[in-house]
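Please read it with the sequence and the structure side by side.

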Amino acid sequence: MSSTAVHKQCRSQGFSLQSYMKNSKVKGPPAADAFKSRPAKPTAFRKFYERGDFPIALEHDTKGNRIAWKVEIEKLDYHHYLPLFYDGLCETVHPYEFFARQGVHDMLEHGGSKILPVIPQLIIPIKNALNTRNRPVICTTLKVLQHLVVSADMVGEALVPYYRQILPILNIFKNNNLNSGDGIDYSQQKRENIGDLIQETLEAFEKHGGEDAFINIKYMVPTYESCMLN
């Protein structure tokens, strides 16, 4: 009785010696996971908060939670506090997430001329928050960026040299809108649709970034079309 030889396929990595063998089946490349959330490192914001180093407390009113500042916001040392609050944008756990997000908006609201000199110190915290690829964190950071460019004179222009650090993640997620089919897209009602927020942010950068803004945005986000030239 003749026996039939059974050839077992072995899976191998591409371009390896095994991949050239007769019964080898080459495995595809691993998934890039461009949209996969990355865990954030422990933040300095959390450490300072737990030590009680921030002049803040949680206050409840009819509209919900808000920060009760123990000093006048205008008198804060912005070089010290604003980068720390930006560092907390990576946080996803209450109360750190709430205090960081609301603290940033409060300081931008009252900072005036104190904001512009601090811009270079904000870039790494902004980049770190975006690089988490965590959707709620990215949405929060985009809203903060939109507030930042209108917070004081020249801030939008001061951000242009840092587009190379800020915009790569926006380029990855730009067309990553949620498709809800025939249903209601509640993310749009809450301004948490990441693709729409990125478009709004890029338009804000162009409007407030001066004459060099568009060409620098276009370099980093090739699919962006000007909202001012059209």
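The points below go from the basis of the model to its fold, its core and a few backbone details.

1. Basis of the reading. This is a predicted model, in which local features need pLDDT of at least 70 and side-chain atom pairs count only at pLDDT 80 or more, whereas totals for chains, interfaces and linings use all residues. Residues are numbered from 1 along each chain as its sequence is written, and side-chain values use heavy atoms, with hydrogens and water left out.

2. Confidence. The mean pLDDT (the predictor's confidence in each residue, from 0 to 100) is 84 for the protein, and 76% of its residues reach 70 or more. Over residues 179-189, however, the pLDDT is below 50, and this stretch has nine contacts in the model beyond near neighbours in sequence, a contact being heavy atoms within 4.5 Å. Where pLDDT is low, the predicted coordinates should not be read in detail.

3. Overall fold. The secondary structure comes to 10 helices and four strands, taken as DSSP runs numbered from the N terminus (helices H or I, at least four residues; strands E, at least two). Read along the sequence, the elements follow the pattern β-β-α-β-β-α-α-α-α-α-α-α-α-α. Among contacts between residues at least 6 apart in sequence, 65% join residues at least 24 apart.

4. Burial and surface. Of the 230 residues in the protein, 41% are buried, where buried means under 20% relative accessible area, exposed over 50%, and partly exposed in between (1.4 Å probe, protein chains only). The protein exposes about 13,800 Å², of which carbon and sulfur atoms supply 52%; the areas come from the Shrake-Rupley method with a 1.4 Å probe, and for residues only the protein chains shown count as cover.

5. The nonpolar core. The largest nonpolar core has 60 residues, and those with the most contacts inside it are Tyr86, Leu148, Leu159 and Leu167; such a core is a set of buried Ala, Val, Leu, Ile, Met, Phe, Trp, Tyr and Cys residues joined through side-chain atoms within 4.5 Å. Helix H5 (residues 135-149) gives the largest share of this core, eight residues. Leaving aside neighbours within four places in sequence, Tyr86 is in contact with Val104, Leu108, Leu122, Pro125, Ile126, Val144 and Leu148.

6. Helix H10. Which residues of helix H10 (residues 213-220) are buried? They are Ala213, Ile217 and Met220. Seen down the axis of H10, these buried residues fall within an arc of 65°, so they line one face of the helix; the arc is that of the directions from the helix axis to the C-beta atoms. What covers them includes helix H7 (163-173) and helix H9 (194-208), while Ile215 and Tyr219 are exposed on the other side of H10.

7. Backbone details to inspect. The peptide bond from His94 to Pro95 is cis, with omega near 5°, and Pro95 has its place in the loop between helix H2 (78-87) and helix H3 (96-111). Arg133, although not a glycine, has a positive phi of about 55°; Arg133 is found in the loop between helix H4 (119-131) and H5 and is buried, with a relative accessible area of 13%. Met154, likewise not a glycine, has a positive phi of about 75°; Met154 lies in the loop between H5 and helix H6 (155-159) and counts as partly exposed at 47% relative accessibility.

8. Cysteines. The structure holds zero disulfides, a disulfide being a pair of cysteine sulfur atoms within 2.5 Å. Cys139 is buried, with a relative accessible area of 4%, whereas Cys227 is partly exposed, at 28%.
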